Every structure is written in C-alpha cells, then in structure tokens.
Amino acid sequence: MTIRVLLVDDQPLLRTGFRLILEAEPDITVVGQAGDGTGAQEQTRALLPDVVLMDIRMPGVDGIEATRRIVREAAPSAHVPKVLVLTTFDLDEYIVEALRSGASGFLLKDVPPDELVQAIRVVAAGEAIVAPSVTRRLLDRFAARLPSAYEQTKPARLDRLTERELEVLRLIAKGMSNAEIAAKLVVSETTVKTHVGNVLTKLGLRDRVQAVVLAYETGLITPGALS
C-alpha cells in the first residue's frame with residue numbers, strides 16, 4: 001500500500017528536500033505541495049492524502065489553523081488524513097495547540113531522513129508519532145496556558161469511563177507504554193490494549209497523544225505528577 005503525502009511549507013527548498021527523501025521510498029509518494037494553510041486545505045480536499053506534513057509558521061493561515069480545518073472538514077468522512085506537524089526548538093509553545101487541533105504528532109525540522117520516513121509510516125498506520133512521555137514534558141512546560149488545566153478533578157466527560165479505564169488513562173498520561181501499564185496493573189498487554197481502545201472510543205479521541213492532552217486539560221493529571 002502506497003502512502004500518499006502532501007507537503008506543506010512556505011519554503012520551496014525544504015519542500016524539495018523532503019520530496020527527494022520521501023520519493024526514494026518504494027511505499028511513499030508525494031501527491032502535492034502547498035506553501036500556506038489555505039493551500040493545504042484545498043490540496044487536502046482535492047488530493048486526499050494519507051498524511052499531511054505540516055509546517056507551523058507560515059504566512060496567512062498558519063499550520064495550526066490549517067490542521068484544525070483539515071481535521072474538522074474530514075471528520076465526517078471515511079478518509080481522515082493524518083497531520084504530522086513540523087516545528088523547531090524555538091516553536092515548542094505551539095506544539096500543544098497543534099496537538100489539540102488534531103495533529104497526530106510532531107517532528108523537528110532537522111529530523112534525520114530515516115526518522116522522517118519512519119514517522120510518516122507510523123502516522124499513516126494510525127499511531128501517534130509523539131511519545132506520550134515527550135508530550136507530557138511539553139504539557140508540563142505549557143499547561144498553565146491551557147484554559148481548562150485547573151478544572152475539577154473528574155469532569156462529566158470522564159464519567160463515561162470505568163474506574164479501571166480512568167486509571168489506565170492516568171497511566172497513559174504519565175507516559176507509560178502498554179507493557180509498563182500491564183506490569184503495574186498485573187494484567188496482560190491484551191487487556192491493556194482493550195482498555196486503551198475503550199478509553200479512546202468513549203472519549204472520542206484519535207490516539208494516545210490526544211488522551212494525554214485531555215488528561216491535562218481536565219485536571220486528571222497535573223504538571224509534574226509523575227508518581
């Protein structure tokens with residue numbers, strides 16, 4: 001199965017570099033390019049890519065707003081493209097908002113070619129490329145900017161979960177893998193996968209990254225709560 005990728009960046013040279021890297025892979029093809037968020041939305045609608053490689057800082061409509069529009073527009077359809085956001089170290093403060101907007105993860109612009117290729121494959125397969133522990137560190141740094149970070153411990157939305165599912169959500173938010181959660185709860189990994197799937201389905205979340213963001217937004221876990 002060929003992974004269809006749309007490149008979105010306001011720098012043509014970067015787009016060319018990414019295209020050369022990706023098209024050297026037998027299972028990836030670049031179906032289009034865009035230089036801003038508006039073009040990204042139009043190209044996504046026309047080309048139906050599997051993955052949108054999205055820059056954040058662009059003229060006009062930026063990558064965060066473009067991500068929000070693409071995810072919102074595609075939500076009712078059968079084909080929902082995955083958005084992989086590109087950023088730099090000095091733009092870390094935008095990553096949380098990008099994840100909240102529906103991105104499946106992020107990469108740094110100086111990512112090695114093999115990691116870029118692997119990230120696209122992972123996201124295309126429906127997984128999140130941002131490790132939960134990395135997301136947690138980012139949220140620890142920027143949680144104060146999240147408007148609902150200090151709401152009640154268990155808002156109504158979380159009432160859909162059983163006590164065990166709530167516990168699994170807390171452990172996901174602390175950056176634990178399925179194997180680590182299984183060891184802590186003394187259950188099988190298969191059981192943990194079932195619980196994780198139930199959490200995502202009941203809360204309407206796309207992946208574990210969004211689960212981590214939600215846990216912080218609702219106050220289920222607070223910055224620095226590692227134990």
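Predicted model: local features only at pLDDT ≥ 70, side-chain atom pairs only at ≥ 80, totals over all residues.

1. Residues are numbered from 1 along each chain as its sequence is written, and side-chain values use heavy atoms, with hydrogens and water left out.

2. The chain has 10 helices and five strands (DSSP runs, H or I of at least four residues for helices and E of at least two for strands, numbered from the N terminus). Of its 227 residues, 48% are buried (under 20% relative accessible area, with exposed meaning over 50% and partly exposed in between; 1.4 Å probe, protein chains only).

3. Have a look at helix 1, residues 12-22, where Arg 15, Phe 18 and Leu 22 are buried. Viewed down the helix axis, these buried residues fall within an arc of 65°, so they line one face (the arc is taken over the directions from the helix axis to the C-beta atoms). The face turned away from the buried side carries the exposed Pro 12, Leu 13 and Leu 20.

4. Cover for the buried residues of helix 1 includes strand 2 (28-34), strand 4 (82-87) and helix 5 (113-124).

5. Strand 4 also holds Lys 82, which is buried at a relative accessible area of 16%. Beyond neighbours within four places in sequence, Lys 82 has contacts that include Asp 50, Ser 104, Val 123 and Arg 206 (contact: heavy atoms within 4.5 Å).
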